[in-house]
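Biologist: I'd like to learn how to read a model like this one. Can we go through it together, feature by feature?

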Amino acid sequence: MEKVILTGDRPTGKLHLGHFVGSLKRRVDLQNSGEFDRIFIMIADAQALTDNADNPEKIRQNIIEVALDYLSVGLDPEKSTIFIQSQVPQLCELAFYYMNLVTVQRLQRNPTVKSEIQMRGFSDSEDDETQNKKGIPVGFFTYPISQASDITAFKATVVPVGIDQAPMIEQTREIVHKFNAVYGDTLVMPTMQLPENSVCCRLPGTDGKAKMSKSLGNCIYLSDTTKEIKKKVNSMFTDPGHLQIDDPGKVEGNVVFTYLDAFCTDEHFAKYLPEYPNLDAMKEHYRRGGLGDGTCKKFLFNILEDILQPIRERRAYYEQNIPLVYEILEKGSEKAREVAASTLDDVRKAMKINYFDDKALIEEHTRKFKK
Ligand code: ATP
Ligand code: MG
């Protein structure tokens, strides 16, 4: 069987370090491993509209930002098909059929949708809606189904994502199972691939509170300047009990250390902080007391700069070649349409709604009605 990747991001803002460790870095590694037959990377504008219906300009402006971020981290359009979701109408049709295989109750149990309803300030009570509070858009409520059509349309076998996507992949697997049971073996069962490092499954924001998320304004963006990175690292939440350098400090819940867990390697120590062999030794010193937040932040800043500098340089190149980026997206979308159309043909056939291709049906009805 072909090995296929499908994954993507919502164009609701520029991409950030959470995306990088949660999914982007893995995609680039998998792309360059040559292990996969096909890789599809989707800019999920239709999904972004499900909770931004009144702000189409925001989505329109961010498609190019996400595309620039993709190219700058090393996604290569020769190896990965980068496309825009709304340009593949077959995805809507698939979602429409899958809706019959999922119950309202099942969608209501989805923990990510539940927490996003809270985060986006949607009200889930009928009374609230009559009092003019924003209700839940049906499109938003059903986006896990639309995600199932994205994944299955490309016959994805592997979906590299952050942990917040686990319920979506589970929902997709249920739909595939149900579809194949009812209509015969047609869809490919996908598996989720989380980052190996558990910190990277859900990188917290610089405030240390929630996950780093475009919607929460707690991000370090891949396109941030050196100055911005410095400012954000310096204002990061650490251990409020660690007032003097000599005080013992906590590394748990200390965002600087969480980020070091996510980003630093022993080589970074050799390069920037040779007094420690590795992160364990550094943590031990911090816990004991005697290691200042300033030193830790400076170290983290150097590491992030090391990672982000080449990304920034590639971005600068593509920023000067915007028509080329749009061409990449247009070609990618064309290719994505072809693949999705072929899956849709299989689905229509399995569901017996391919009336005009079905010679046997026409013959059967010819016999049935012939006098
Ligand atoms: P929005 O707030 O609009 O939902 P987002 O920042 O959550 O934006 P998405 O486009 O929803 O970003 O997520 C794209 C991918 O990045 C998903 O695979 C998701 O799991 C992963 N991801 C997003 N934020 C993080 C994070 N903080 N840590 C790890 N992975 C993340
Ligand atoms: Mg999200």
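Modeller: Lys 271 sits in helix α13 (residues 266–272) and Asp 306 in helix α15 (residues 293–319), so the pair ties together parts that are 35 residues apart in sequence. Before we go on, this is a predicted model: local features need pLDDT of at least 70, side-chain atom pairs count only at pLDDT 80 or more, and totals for chains, interfaces and linings use all residues. Residues are numbered from 1 along each chain as its sequence is written, chains are lettered from A and ligands numbered from 1 in the order in which they are written, and side-chain values use heavy atoms, leaving out hydrogens and water.

Biologist: What counts as a salt bridge, and how many does a search of the whole structure find?

Modeller: The rule wants a side-chain nitrogen of Lys or Arg within 4 Å of a carboxyl oxygen of Asp or Glu. The search finds 21. Helices, by the way, are DSSP runs of H or I with at least four residues, strands are runs of E with at least two, and both are numbered from the N terminus.

Biologist: Are Lys 271 and Asp 306 buried, partly exposed or exposed?

Modeller: Buried means under 20% relative accessible area, exposed over 50%, and partly exposed in between (1.4 Å probe, protein chains only). Lys 271 has 52%, so it counts as exposed, while Asp 306 is partly exposed at 28%.

Biologist: Which residues does the salt bridge between Asp 9 and its partner join?

Modeller: Asp 9 pairs with Arg 27, at 3.0 Å from N to O. Asp 9 belongs to strand β1 (residues 4–9) and Arg 27 to helix α1 (residues 17–33), so parts 18 residues apart in sequence are tied together. Both Asp 9 and Arg 27 are buried.

Biologist: How do I check the length of a helix, say α3?

Modeller: The expected span is 1.5 Å times one less than the number of residues. Helix α3 (residues 56–73) has 18 residues and should span 26 Å; its end C-alpha atoms are 26 Å apart, which agrees. There's also a kink of about 30° in α3, centred on Asn 62. That bend is the angle between axes fitted to the seven residues ending there and the seven starting there.

Biologist: And what comes after α3?

Modeller: Gly 74 follows, with a positive phi near 115°.
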